[in-house]
Structure formats: C-alpha cells, structure tokens
Amino acid sequence: MNDFILSASGLTKTYKQRSGRFGFGSNLIKALDDVSIALKPGATLAVVGESGSGKSTLARCLLQLQPLDAGQVLFEGHDLAALSGQELRAARRHLQMVFQDPFASLNPRMKVGDIVGEGLVIHGLGDAEERRAKVLRMLERVGLSALDMGKYPHEFSGGQRQRIGIARALVLEPRVVVCDEPVSALDVSIQAQILLLLKQLQREMGLSYLFISHDLRVVRHIADEVAVMQRGRVVEQGSVEGLYAHPREEYTQNLLNSIPGRHWQAA
C-alpha cells in the first residue's frame, strides 16, 4: 500500500433501521460491506453508484467523520484509527472535503473571508494578517476577489458558492480532497466550469481526489480510475477508459446506459 496516499481495506458499516407498523422492530442495513479502495498520489479515483449504494457513507468513514464497524483506513501509510487526538487533528488538515450542496454547507451568518479562513484559525496557522493574505490568494485562485471577502453566502450564485467551498477546503493545502457530489446541485454549464477548476487546481497543487458521484457522464471528465458501488459493495473497479469500453457488470452497463444521449452496447 506504500504506492497509495489513501487506502482502505475491509470497511464495514452497519445501521439499524426501524421497521414494523409502530417502528418497534429493526433491520440491519449494511451501508459498507467489506469495501477496499486505493488512491494514488496526484490521481482522481471516482466512486460511483446509485443513491443508497454506500458511496457517501464511504466518504464520511474515510475522513473519520463516522466510526467503522470493521476495517482499516491508511493515510500516507498511517492507520487513522490508531492516531492520537492531536495526531488525527494534524492528519485531518491534509484530508479535506468539498460538499454536495453549496447552499447548505456554508454558514449564512459568516462572511466569506471568515468561512474560508476558519480552518486556518482552528489549526493555528499564521497570524491574522498571514491568514487574511492566504485567504485572499485562495479566493483569487478559484475565480473570486478581495471584494468578496466581506460578503455573505446569499449574495452569490450556486457556482460561486461552490467556489467558496473549494477555497475553504484548499486553503489548508491538503493532500487529499474528498469531493462528495460537488457539481450535482449545479446547472450543466456551471458543472463544466467547476470540473475544469478542480482539474486545474489539482495540477497546480498536486492534489489527490476521491470523487463521489452518481453521474458517469461527469466522472469521465475528471477521473483516472472508477470504483462502482452497489448495495454497499465495490462490484467493479478499473481505469476510466477500460470501464467505459468494457464494463463487466450488468449494473455498470445500466449506469452507462443511463447517460443522456449515449448510444452504448456491450462489447
């Protein structure tokens, strides 16, 4: 696993779901069922699947935002579950997330400069002047300006808000960024702009992306490798070109057939 910046093996996560007429019973739902993935430095691994396939649970468990029932997550060779509180906090600086909904993920009562700089404050990086300069540079890199630092999220469009969310994640100079459906709430024309921005920043900053999506049309434009999830399991994994040209699983074929305007037949 030394060739991978982030890897996971045997991940299992089970939830209890109430059942029965009055909700007194319960069913066990396996959100993750023995999932293993590996992300190479500087690459983009897309995790795709329908709603409920377990991909967002995988993202949260990889970042230690939810506890696992079983399995191991390694970041740069270190077992995240074995790190002390201070060590885990230091590691989390280099493991950041861009969220799906640019409307819900930004605090409406905070100014943009404070939103983007909050992580710098939490991790004690720089003094006030240094943090302000770093926030400004990051905002400019995502296509915003110094004038935007004093504004509130409601003053921006959806695409601009997602640029703010990207700036918030990248201002800490992370090594891995988990992008959880980062363009699904945006118009198609804005999606293309955000995808181009993510690819540009990846090249400039040497980032590794775990890209969560239900849309194989989007994935083809950004990913190097794809892992297909169904009912909590990875059912197929490979290069983007290989998976699109020769999908092995019927489930993957159905996902490909659902791409608008695509005329595809199994090879």
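Biologist: In which helix does Thr252 lie?
Modeller: This is a predicted model. Its numbering of elements places Thr252 in a helix that covers residues 250-257. That helix is α9.

Biologist: Is Thr252 buried or exposed, and which residues is Thr252 in contact with beyond its neighbours in sequence?
Modeller: The relative accessibility of Thr252 is 0%, so Thr252 counts as buried. Leaving aside neighbours within four places in sequence, its contacts are Val228, Glu236, Leu243 and Pro247.

Biologist: Which residues of α9 are buried, and how are they placed around the axis?
Modeller: The buried residues are Tyr251, Thr252, Leu255 and Leu256. Their arc around the axis is only 140 degrees, which means that they sit on the same side of α9. An α-helix has 3.6 residues a turn, so residues three or four places apart point the same way.

Biologist: What covers the buried residues of α9?
Modeller: The cover includes two helices and two strands, with α7 at 216-219 and β9 at 225-230 among them. Also included are β10 (233-239) and α8 (240-245).

Biologist: Where is Gly49, and is Gly49 buried or exposed?
Modeller: Gly49 belongs to the loop that runs between β3 (44-48) and α1 (55-62). Because its relative accessibility is 0%, Gly49 counts as buried.

Biologist: Which residues are in contact with Gly49, leaving aside those within four places in sequence?
Modeller: Two of the contacts, Tyr251 and Leu255, are among the buried residues of α9.

Biologist: What separates the C-alpha atoms of Gly49 and Ala59?
Modeller: Gly49 and Ala59 are 10 residues apart along the chain. The separation of their C-alpha atoms is 13 Å.

Biologist: Where does Ser213 sit, and what does its side chain reach?
Modeller: Ser213 is in strand β8, residues 208-213. With a relative accessible area of 4%, Ser213 is buried. Its contacts, not counting residues up to four places away in sequence, include Val47, Val48, Gly49, Lys55 and Glu181. At 2.9 Å, its side chain reaches the backbone nitrogen of Asp215.

Biologist: Which residues have the most contacts inside the largest nonpolar core?
Modeller: In soluble globular proteins, nonpolar side chains tend to be buried together. Here the largest nonpolar core has 48 residues. A second, separate core has 28 residues, including Ile5, Met97, Ile212 and Met229. In the largest core, those with the most contacts are Ile166, Leu201, Leu216 and Val226.

Biologist: What does Val226 touch?
Modeller: Residues up to four places away in sequence are not counted here. Among the residues touched are Leu45, Ala46, Val48, Leu216 and Val219. The list also includes Glu236, Gln237, Gly238, Val240 and Leu243.

Biologist: What is phi of Glu76, and what is phi of Arg231?
Modeller: Most residues other than glycine have a negative phi. Glu76, in the loop between β4 (70-75) and β5 (78-79), is partly exposed at 35% relative accessible area. Arg231, in the loop between β9 and β10, is exposed at 65%. Phi is positive in both, about 50 degrees for Glu76 and near 50 degrees for Arg231.

Biologist: How many aromatic pairs does the structure hold, and which residue lies over the face of Tyr244?
Modeller: The number of aromatic pairs is zero. The ring of Tyr244 does have a residue over its face, at 4.4 Å from the ring centre. That residue is Arg220.

How values were computed. Residues are numbered from 1 along each chain as its sequence is written. This is a predicted model: local features need pLDDT of at least 70, side-chain atom pairs count only at pLDDT 80 or more; totals for chains, interfaces and linings use all residues. Side-chain values use heavy atoms; hydrogens and water are left out. Rings of Phe, Tyr and Trp (its six-membered ring) pair if their centres lie within 6.5 Å; planes under 30 degrees apart count as stacked, over 60 as edge-to-face and the rest as tilted. A charge sits over a ring if NZ of Lys or CZ of Arg is within 6 Å of the ring centre and within 35 degrees of the ring normal. Helices (H or I, at least four residues) and strands (E, at least two) are DSSP runs, numbered from the N terminus. Buried means under 20% relative accessible area, exposed over 50%, partly exposed in between (1.4 Å probe, protein chains only). A polar contact is a pair of N or O atoms within 3.5 Å; within protein, one must be able to donate a hydrogen and the other to accept it, and residues adjacent in sequence count only if both atoms are side-chain atoms. Contact means heavy atoms within 4.5 Å. A nonpolar core is a set of buried Ala, Val, Leu, Ile, Met, Phe, Trp, Tyr and Cys residues joined through side-chain atoms within 4.5 Å. The arc is that of the directions from the helix axis to the C-beta atoms.
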